[in-house]
Amino acid sequence: MLNKRAFTIIEILISALIGAFMVGVLFYILNSGYNVNDLSSAKVAAQSQARMVSDWVSRDLRQTVVWELANNSPSATHMKFRPVLGWDIAGDTYQLDANYIEYSYDGVADTLTRDSIDGAGTVLNSRVFNSIVTQPFFTRNDAGDLIPLDNSVGTSKKVVTLISVNKVSDKGVNSIISLTLETKIRNE
């Protein structure tokens, strides 16, 4: 007698079902990995931009004196000041550049613009930072609480920069990263 062994239709269907389940699980794992990578890329881009903008602002602020900043009516969305060139020994005071550095935040366009302006008001160069989603400039009151930047910067002698950057992933997920940096301003 001949012994023929073959698969039954039930065995073939069960094998196909198990195979389809395994392919589905693998697809889900790969898709999840892609989603995590997509969101991580957006977060890294937002962190990088927040650090870069924060560094620019802090570097510029360290070049001014508190009375120069306060005299130009700073606010939570705007500040303008002249950088220090050096010390004037004869006048016993800081020697200031004739050009200004001006930062302006536009909440509608979500941009922070850094302009270098000459004494006549002509913009010499400009840099626009995009995807900035909150007003960036604050100081501290007498109690040490955070308040929007104003002429009282002379009291705390500090500017607190809060840079919040929103990057959208390829899948449309918002990734908002905030970086806070406190910069002490010269006060002589």
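## Exercises on rings, charges and strands

R59 lies over the face of W56, at 5.8 Å from the ring centre; a charge sits over a ring if NZ of Lys or CZ of Arg is within 6 Å of the ring centre and within 35 degrees of the ring normal. The model is predicted, with local features needing pLDDT of at least 70 and side-chain atom pairs counting only at pLDDT 80 or more, while totals for chains, interfaces and linings use all residues. Residues are numbered from 1 along each chain as its sequence is written, and side-chain values use heavy atoms, with hydrogens and water left out.

**Exercise 1.** Describe the aromatic pair of W56 and F129.

*Solution.* A search of the whole structure finds three aromatic pairs, where rings of Phe, Tyr and Trp (its six-membered ring) pair if their centres lie within 6.5 Å, and planes under 30 degrees apart count as stacked, over 60 as edge-to-face and the rest as tilted. In the pair of W56 and F129 the ring centres are 6.0 Å apart and the planes stand at 65 degrees, so the pair is edge-to-face. Because W56 lies in helix α1 (residues 9-61) and F129 in strand β6 (residues 123-130), the pair ties together parts that are 73 residues apart in sequence; helices (H or I, at least four residues) and strands (E, at least two) are DSSP runs, numbered from the N terminus. W56 is partly exposed, with a relative accessible area of 22%, whereas F129 is buried, with 1%; buried means under 20% relative accessible area, exposed over 50%, and partly exposed in between (1.4 Å probe, protein chains only).

**Exercise 2.** Describe the aromatic pair of W87 and Y94.

*Solution.* The centres of W87 and Y94 are 5.0 Å apart, with 85 degrees between the planes, and the pair is edge-to-face. W87 is partly exposed at 42% relative accessible area, while Y94 counts as buried at 14% relative accessibility.

**Exercise 3.** State the order of the strands in the open sheet, and say which stand at the edges.

*Solution.* Four strands form the open sheet in the order β8-β7-β9-β10, with antiparallel pairing, where two strands pair if DSSP finds at least two bridges between them. β8 (146-148) and β10 (174-184) stand at the edges, each with a single partner strand, so one side of each is left without a neighbour in the sheet. Within the sheet, β7 (residues 137-140) and β9 (residues 158-168) pair over two bridges, and F137 stands opposite T161 in β9.
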